[in-house]
Each structure stands twice: as C-alpha cells, then as structure tokens.
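Have a look at it first, then read on.

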Amino acid sequence: MDVKLWNDKREREMYDNFADLYAIVKATEKLEKAYVRDIISSAEYEPECLKLIAQFKTLTSSLKDTIPSVERFVDTYKMDCPAAINRLITSGVPATVEHRSAVSASTNTSAAIVAECVQHFITAMDTLKLNMIAVDQVHPVLSDLLASLHKLSILPPDFEGTTKMREWIGKLSKMGAADELTDQQARQLHFDLDSSYNLFMAMLAPDQSG
C-alpha cells in the first residue's frame, strides 16, 4: 500500500518545495567542499554558486510563511551542511567574490552587481516556470533585471540582453496589469531570458579569470 505524504495539491506542492530546498542546500555543500579541495576551478565554481544562491533566494522568499527559518529546516532534517548555510545565508555571494572584494573595493561593486544580475535573470526565468504570467507579475522582475544590467558598466551599450528586456517591457507596458502572456509569448520570453543569460555569463568569463 502506498503511503501518501500529502492530502491535496497545495500540500504536495509544499513537499515538492521542501525537496527542492533540501537539494539546493545539499548541492551547495558539495560545491563548497569541491572548491575548497581544489576539485573544481574558480571559473567552474562561481557561475554554479551564483545559480544556487539565486535559486535559494527565489525559493525561500516564496516559502517564508512555511519555512520562517532555514536553519531550523536544516536541523529538523539533520542535514549537517555548515558550508552551505554560510554561503547561502551568512555570505550570500560566492567565495570567489568574497576573495576579490577583499583585494579590491571596485571589483566588489562590480561583482555584487553581477551577482544581482544573475539573481534577477534566474528569478525572471523561475517566475515563468511557476506559470506566473500576468503582466503585474512579469513586469516588475524584468524591470529589476533591466535596472541591474544598466548598472553594470562593463556591458556594451548594445548588449542583446538589455535590448531584448527593453523591448519586452515596452510590450508589457501596453497591456493591462491583469492581462496574461500567451503560451507562445511566455515561451519566447523564457527563450530570450535564457539566451541573454548565457550571453551575459559568456561575456563575463574573460573578465572574471583575472
């Protein structure tokens, strides 16, 4: 006989979110240990760590009523992940960013904005994945992303991601707040975000090796 953990769709979603949070914390712990032991390079570590931090922030903000304390969640499930807790909650930026900021204050500013941009890219993509497609849900996350991209002086003025986000914000501004993107529009926006994110990371790669 199957044992059901949930009684309805909402409860099932809650357990799915718990599983996602558990996986993010465990993955961060593994990543931190691999980086400390020199199993992976800084170039491999940083984008992966930025992605996990962004996913963690997005998930915990949507779970703040269910899980007010991530530390308590970690204790409850006996996870023993001190490095992940330090990275995700205490620090909030990859170790490589911390090290660079200790060396140079200007790099810190730049690295903090890069982390902010990554966070907004992933939040925007996650918003669409969660089927939050109303204009008043999508417009704010795209506006935040565009504002962060504008702050980053190392990007060229004609950077494709900036141009695409400007076009999408223009389209959304002509729609009503309660209007929703069609499946086709949502798919195209997700594609544009994904390709802009990959371009963004590729553009930063030479900059972050030094």
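1. A word on handedness first: a crossing is left-handed if the near helix is turned anticlockwise from the far one by less than a right angle, and right-handed if clockwise. By that rule, H7 passes H8 in a left-handed crossing. Helices here are DSSP runs of H or I with at least four residues, numbered from the N terminus.

2. This is a predicted model, with local features needing pLDDT of at least 70 and side-chain atom pairs counted only at pLDDT 80 or more, while totals for chains, interfaces and linings use all residues. Residues are numbered from 1 along each chain as its sequence is written, and side-chain values use heavy atoms, leaving out hydrogens and water.

3. On confidence, pLDDT is the predictor's own score for each residue, from 0 to 100. The protein has a mean of 85, with 90% of its residues at 70 or more. Helix H1 (residues 9-36) is highest at 91, and helix H5 (residues 95-103) lowest at a mean of 66. Where pLDDT is low, the predicted coordinates should not be read in detail.

4. Back to H7 (residues 135-151) and H8 (residues 160-173): their axes come within 10 Å and cross at roughly 150°. (Axes are lines fitted to C-alpha atoms over the stretch in contact, and angles run from 0 to 180 degrees between N-to-C directions.) That makes H7 roughly antiparallel to H8, a label for angles over 145 degrees.

5. Then there's H2 (residues 42-62) with H4 (residues 82-91), packed at about 65° with axes 10 Å apart. Their crossing is right-handed.

How values were computed
Helices (H or I, at least four residues) and strands (E, at least two) are DSSP runs, numbered from the N terminus. Angles under 35 degrees count as roughly parallel, over 145 as roughly antiparallel, 65 to 115 as roughly perpendicular and the rest as oblique.
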